[in-house]
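Here are my notes on the model, in the order I'd go through it on screen. Have it open while you read.

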Amino acid sequence: MKLTRIQRMMFIAMLSAQAVVISLIERGIPSPFAFAPGAKLGLGNLITLIALFTLSKKDTIKVLILRLSITTFFAGTLSTLMYSLAGVLLSFIGMLAVKQLGPKRVSLIGISTIGGILHNLGQLLVFAVFAKTWTILNYLPILAMTGILAGFAVGFMGNFILERLDILNVDENWIANR
């Protein structure tokens with residue numbers, strides 16, 4: 001089903017609001033990754049995954065920008081904006097590139113896992129620039145493990161949700177070949 005312009009704008013706003021609420025709630029939840037201080041599941045990325053499969057690239061970017069700006073306004077600083085922006089951009093670009101491989105080569109869980117790893121890499125790169133040292137990248141293997149675990153969890157949830165979005169224009173090939 002093709003969405004009208006108003007329906008699409010409402011869907012973008014709804015996804016953005018959901019991502020903001022999820023991100024703000026997640027800030028209050030202790031990290032499930034005891035071995036990686038500061039790491040979290042990144043449940044807001046669930047909304048990015050849904051947007052990636054239900055909206056155009058341009059509209060998905062709108063969701064990301066709204067999510068980042070509103071979340072930063074309510075509970076962030078300039079530095080958290082820079083970390084989040086780097087993580088979200090690198091993650092989005094990576095997920096978009098991997099999605100181009102098609103459903104026979106990569107699943108939603110695979111796309112989400114790549115996004116989780118690249119999100120952590122983007123944040124580490126910003127930290128390395130601030131700290132003026134590349135040795136911080138030694139933390140990458142640990143964060144890559146959290147990215148894999150979080151990406152798997154988010155991808156699994158995304159699969160579950162996308163299967164149930166009958167009213168939206170979800171690419172059926174991805175759902176059927178998961």
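1. Aromatic pairs first. Keep in mind that this is a predicted model. Searching the whole structure turns up three aromatic pairs. One of them joins Phe73 and Phe74, edge-to-face, with 5.4 Å centre to centre and 70° between the planes. Phe73 counts as exposed because its relative accessibility is 69%, and the cut-off for exposed is over 50%. Phe74 is exposed as well, at a relative accessible area of 56%.

2. Next, look at Tyr83 and Phe130. They also pair edge-to-face, at 5.8 Å centre to centre and with 85° between the planes. This pair links distant parts of the chain: Tyr83 belongs to helix 4 (residues 78-99) and Phe130 to helix 5 (residues 108-131), 47 residues apart. Is Phe130 buried, exposed or partly exposed? It has 40% relative accessibility, so it counts as partly exposed, given that this class runs between the 20% and 50% limits.

3. Lys99 lies over the face of Phe53, 4.8 Å from the ring centre. Phe53 turns up again in the largest nonpolar core, where it is one of the residues that touch the most other members.

4. On to that core. The largest nonpolar core has 25 residues, and those touching the most other members are Leu15, Leu52, Phe53, Leu55, Val63 and Ile111. Helix 2 gives the most, with seven residues. Another core, of six residues, lies apart from this one, and its members include Phe33, Ala36, Ala39 and Leu143.

5. If you plan to look at pockets, start with the largest one. It holds about 870 Å³ of space. Its lining counts 42 residues, and Gly38, Lys40, Ser84, His119 and Gln123 lie nearest the pocket centre. By class, the lining splits into 18 nonpolar, 20 polar and four charged residues.

6. Where does the lining of the largest pocket come from? At least two residues each come from helix 1 (5-27), helix 2 (44-54), helix 3 (57-75), helix 4, helix 5 and helix 6 (140-163). Helix 5 has the largest share of the lining, eight residues.

7. A backbone item to check by eye: Lys132. Most residues other than glycine have a negative phi. Lys132 has a phi near 55°, a positive value in a residue that is not glycine. You'll find Lys132 in the loop between helix 5 and helix 6. Its relative accessible area is 76%, so Lys132 is exposed.

8. Last, a proline. Pro141 sits in helix 6. It counts as exposed because its relative accessibility is 56%. The C-alpha atoms of Pro141 and Leu121 are separated by 9.9 Å, and the two residues are 20 residues apart along the chain.

Note on methods
Residues numbered from 1 in each chain as written. Predicted model: local features only at pLDDT ≥ 70, side-chain atom pairs only at ≥ 80, totals over all residues. Heavy atoms only, no water. Phe/Tyr/Trp six-rings, centres within 6.5 Å; stacked < 30°, edge-to-face > 60°. Buried < 20%, exposed > 50% of the residue type's maximum accessible area, 1.4 Å probe, protein only. Helix = DSSP H or I, 4+ residues; strand = E, 2+ residues; numbered from the N terminus. Lys NZ or Arg CZ within 6 Å of the ring centre and 35° of its normal. 1 Å grid on protein atoms, 1.4 Å probe; cavity = no way out; pocket = protein on both sides within 12 Å on 5 of 7 lines; lining within 4 Å. Points joined across faces, edges and corners; volume = space filled by probe spheres on them. Nonpolar A, V, L, I, M, F, W, Y, C, P; charged D, E, K, R; others polar. Core = buried A, V, L, I, M, F, W, Y, C linked by side-chain atoms within 4.5 Å.
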